[in-house]
Amino acid sequence: MSENDCLRSELKSRCGRPGPGRDLAITRCNYGNGRRRQFNNFKTQNPGRRANTPTTLTAFQMEPSQAAGAAVPVQITVLRGRNLKGTKGESCLTFIRAEFNGVVLGDSQKLEASADQGVEYNFPCSFECAEGSNTLDDLAHKPVVLTLYETLPKEKKQKDEKTLVLGQAIVGLLPLLQGQNTFSITAPLQAAPGSPGDGGVLEGSDKPSLDVAICVPEALLSEAQLADSNLLKVAVEAAYSVPEAWATTGPPFNYVAAMQVPLTAEREQLLAFSGGALKPGGEREPVPRPKKWPVGPSLTPGAQYIPGALIEGQPIEGENGELTGLEDRDFRVEAESIQKRVIWDTERCCFLEGGALGRLAKRIADCRFWPVEIMRAQVNTGKAVKAGKDRGGEDDAQLSFHGVAYVDMAPLLYPGVKRIRGAYQILPFYEADLLAKTKRQGSVLRDSLRQTGASGKVRVPSSLGSPHLKGAPSKILKDDKGAKEASKKASAERVAQKPQVSDSVAEVDVGVPLNTEGQMYAEARTYIVIEIALDRPLVPKRLPEELAKRVAELIPPRPPLPRRPAGAERAVRDFHGQVANVTGLLLDQYHELFGAATARGELPLDVCAQEERKTRLLGELNYSGKYFAFKEQMKHSVVRIVREKMLRTEAFAEPEELQAFLSQLYIFLVDEMHVSLNKSQSKDVQDTEPQPYLDSAQLRHFAREAQMNEDFQLAAQYYQERLAQDRSAPAHWFDYGTFCMLTGEHAKAEECFHQAVAIDQRHLSSLLLCGILAEMGTRFGDAETFFEDATCVDPSSVVAWTLFGLFYEGQENAIQAEMAFLEANKQLKVRFQGPVTSVPQMGDRRGSEPQEGAAAGEAQEPAGSSLSTERHQSTEAEGDEESVASVSDRAGAATAGGGAEPEPEPPAALKPLQSRPGPPATIYMETAHFLLENNALQMAQRALAQELLCPDGGPSSCYHLALARLHLQRAEYDQAEGSLKTALQDSFENPDAWALSGHVHYLTGGLDAARQCYERTLDFTKDASEMHPVYLRLGNIYLQEQQFGKAKLTYLRACKKSPSCLSWLGLGTACYRLGELTEAEDALTEANTLNNANPEVWGYLSLVCLQTGRRLEAEQAYKYAVKLNLQKGTLLQEIHQLQQRVGFGNPSF
């Protein structure tokens, strides 16, 4: 059994509930009447015991909630001491004195201690935890102090015994506030100065220690109270870059930091951190370093540290406070290594009940900045204090170097956040500034000084040891009078700690005196490092599993797709293929032998002749070795059927079993051979389903092209055809949903996004659009779930966090919105610090299917690529363009080969935003690009509005460009033109701005201005983000202006980079007008291949056939043009005139 197990078993035996059969008898006594307490028939006098209201044993049987307000005894039992050594040898006469909250709980018996055997003290003592004294908050930050004394032998003529402090052990009581009612601990004994253990380095089992057991009859907190309460820890570490006026030499000073926190729903308490030590600079403070108890000096140096509590180092960029920018880092490094500083390293733990937690959250929501006051006070002598008293307390409230730091507590209201730490600048204290920033009046330090009446000194909790205990040999106190006075004094100090609001704080003086000393903080840029932590976050964060479950409830996942053919099915398919292959070879051999006779009709069909031909064929196969080759070719597929279909992998034990299996296998192979022959030799049965001529990327490209031309019916047809090819791809549903967003069919769009999420519950873009549509439908709970789940799917997504913040901004939840925006900025900063040259608009969709790409027409060339340097400078100067035939051949080969060309681009959700010179894009601009790309215009407008308020944003050229794009998608052409003019003033060489300007002029009928803008776009060395509409519209303008040569070159570029039906049609039209009929026919044939339902293509094909004299083809092309309702009147009129001239091509002739 381990040492801790022994302690637990002994603890259970000693700390059981009092009953008739127990040796432990606990009786309540009134110490005011001089009674005593008994523990195991061992009487110990407790002269410093506080007077408490008598209670009965019935409190032990009550639940914690029922015993609220009743005193609960906390029993401390010192079980034994280990490795204890005295001053004059291995054995010594020792006893232990227990203290808590400045009150002596009792002394143990004097027992002989031996370093080898230890000593069994079995010393019980207790105190009562009540609402008036020894509260739950006292248990949170005050430890039990166990001081080990050695009784020295009497010398000659010595009346009283002398004692020597050997060391102190500290026992924290936090486990009692965390639901435990019993626990044990082996507390190391910290050696006192001058004791035998001082200066020695002992580790492990050689180190002196005390075994201590703590128990209470029942848990101090019920389950409900434990769930509602929390622990708040405030750690004041150090103040750096202090004023130069502070000197390490001269009279001693007391450096104090103080702040107020809620104690209950009605009251607040003052947290005062005194005892700061001014240290010279020269080196950084070590990390990690231990934190100190907030209860004053101790008798031993090691006893002032909290076990297990360390100050950890943290990067400056990861802090929550001020001075975290790049410009502040050099200053902080210098201040924390070279300049003087004041060190506290003190942590105060506060117990907060449910009401205090609610008040804390409300106070933070009402005012995010909380003041931490700092002052320096000279340590006064008794004479100085007396002089101060003679003045009647006029100078009691005069504070030296009175400053204040404003701690931003708002991050504690972020979901899941339970710790903040940072550096906060100290500013001179002015009540007007305090009221403006924190909505508070008065100084807590000044009020505390007025209450205590001691100038320059703030009352703080008492020391670890009692005031009368010294490290040097002293007498043991035996009289009760001194102890009672000490108890009264300690009680008075505790009462004085309670902060009260002064009645005069509401009065504001007209003439505010200048805080000269406090101004030194601002001049020196002094800052203080503070850490505030909670045991549990104020706002719990939903787990990713919970969010995923909630999303699955809103959008049930689609059942898994059917499995691909199993091994047995693949084996049968392989056998069918081999049978078809061998059958073809046999037919070839048969035709080689009897083909000529069959062609002449000389082949007899009687049975004897057939048998003769069969014998001859088999003989030829055997003679040539082909029969053996066919058997070997079939063998592998038959073996697979045996193993994977028949599931036979072991040898047969019996011949009968083998024969039965061979019969079964023969029947199966013959049946499958017939199935294969029927498929391969029948004209009605197709071997496999024909593959679609157009792949998913091309269909998406054509749909976006039709969408650009506002042919929404054709665009919807392409999107639906894409879904028909593969309904299990979430990207297909997402793209169709974004198209429905453009057409205003929000219900259909939401259904599409739901389908995408049902297929893939981690599809990031669909989750975001589901959240946007849920917010538009006022289903705010669902919207929050979608946005929050998106941040869990990809925590590095800037767009997801920004949309989460915009949602909270719309809900007027400023703190949650701030949290989301800070995280988005953090992720954006991480991205730009990496080696990536392009800024992806969305993070990787982890766990989702690979997204389908778009056609190369929408692909964006990265800046600085080899292609971008070969830009068209002048259309007239370019004479080495490829011919139509070469471009057509390459496009046809790519289409026939499954769409390997053009190279697909990432979908809109992952489309990279091309990096531009200058500062990185803001989170709002990146989000606006994503929203505009996916037609969420309402949310895009909100993102652009936030861009105007962003310190790093504002009305930049990127902002005006995005705003123009928003107006253009809303068909607000005048506003779009105004925004583009502003954008071009700031960024005259932006090809996107010129391209959008051309679109605005083109849609409003200004073809000449549109042509100039498009030509300017092509002149830049960098492409615009979308070049395909530029090529198509510029080529159309050239056709209307009858500049057919320029039109041909422009359309050639479009066909080379992003071929489509319209690009080939434009090229064919230009070639026809130039009289290049062969090239025109090639181009029109390519256009007809990509879309055979375009009546204009059939119309021009009819013209080409009429010009070349092909009567039948001209008539067929004309029929199709009329059937598909050719609407272009000029083209139809031209066809009729040419038909009249040549005399054919119209069925009515």
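**Entry 1: F988**

I began with F988 and looked up its partners: leaving aside neighbours within four places in sequence, F988 is in contact with W994, R1016 and F1020. A reminder to myself before going on: this is a predicted model. I then checked where the residue sits, and found F988 in the loop between α29 (973–986) and α30.

**Entry 2: α30 and α32**

Helix α30 covers residues 991–1003, and I compared its axis with that of helix α32, residues 1028–1040. The two axes come within 11 Å and cross at roughly 45 degrees. α30 and α32 are therefore oblique to each other. I noted the hand as well: α30 passes α32 in a left-handed crossing. Which residues make the contact? On the α30 side I listed A995, H999, Y1002 and L1003. On the α32 side I listed P1029, V1030, R1033, N1036 and I1037. Sorted by class, this contact of α30 with α32 has 6 nonpolar, 2 polar and 1 charged residues.

**Entry 3: α18 and α19**

Next I turned to another helix pair. Helix α18 (residues 712–725) packs with helix α19 (residues 730–743) at an angle of about 160 degrees, and their axes are 9 Å apart. That makes α18 roughly antiparallel to α19, since the cut-off for that label is an angle over 145 degrees. Their crossing is left-handed. I wrote down the contact residues helix by helix. α18 brings F712, A715, A716, Y719, Q720, R722 and L723. These meet A731, H732, W733, D735, Y736, F739, L742 and T743 in α19. By class, I have 10 nonpolar, 3 polar and 2 charged residues for the contact of α18 with α19.

**Entry 4: α20 and α21**

How far apart are the axes of helix α20 and helix α21? They are 9 Å apart, and the helices, residues 746–759 and residues 764–776, pack at an angle of about 145 degrees. α20 passes α21 in a left-handed crossing. From α20, the residues in the contact are H746, A749, E750, F753, H754, A756 and V757. Their partners in α21 are S766, L767, L769, C770, L773, A774 and M776. I sorted the residues of this contact of α20 with α21 into 10 nonpolar, 3 polar and 1 charged.

**Entry 5: T583**

I also stopped at T583, which has its place in helix α13 (residues 567–600). T583 counts as buried because its relative accessibility is 15%, and the cut-off is under 20%. Leaving aside neighbours within four places in sequence, T583 is in contact with L677 and Q681.

**Entry 6: the whole chain**

Last, I stepped back to the chain as a whole. I found 38 helices and 24 strands in the chain. Of its 1149 residues, 48% count as buried. The accessible surface of the chain comes to about 55,600 Å², and carbon and sulfur atoms account for 52% of that.

Terms used
Residues are numbered from 1 along each chain as its sequence is written. This is a predicted model: local features need pLDDT of at least 70, side-chain atom pairs count only at pLDDT 80 or more; totals for chains, interfaces and linings use all residues. Side-chain values use heavy atoms; hydrogens and water are left out. Axes are lines fitted to C-alpha atoms, for helices over the stretch in contact, and angles run from 0 to 180 degrees between N-to-C directions. Helices (H or I, at least four residues) and strands (E, at least two) are DSSP runs, numbered from the N terminus. Angles under 35 degrees count as roughly parallel, over 145 as roughly antiparallel, 65 to 115 as roughly perpendicular and the rest as oblique. A crossing is left-handed if the near helix is turned anticlockwise from the far one by less than a right angle, and right-handed if clockwise. Contact means heavy atoms within 4.5 Å. Ala, Val, Leu, Ile, Met, Phe, Trp, Tyr, Cys and Pro count as nonpolar, Asp, Glu, Lys and Arg as charged, and the others, Gly among them, as polar. Buried means under 20% relative accessible area, exposed over 50%, partly exposed in between (1.4 Å probe, protein chains only). Accessible areas come from the Shrake-Rupley method with a 1.4 Å probe; for residues, only the protein chains shown count as cover.
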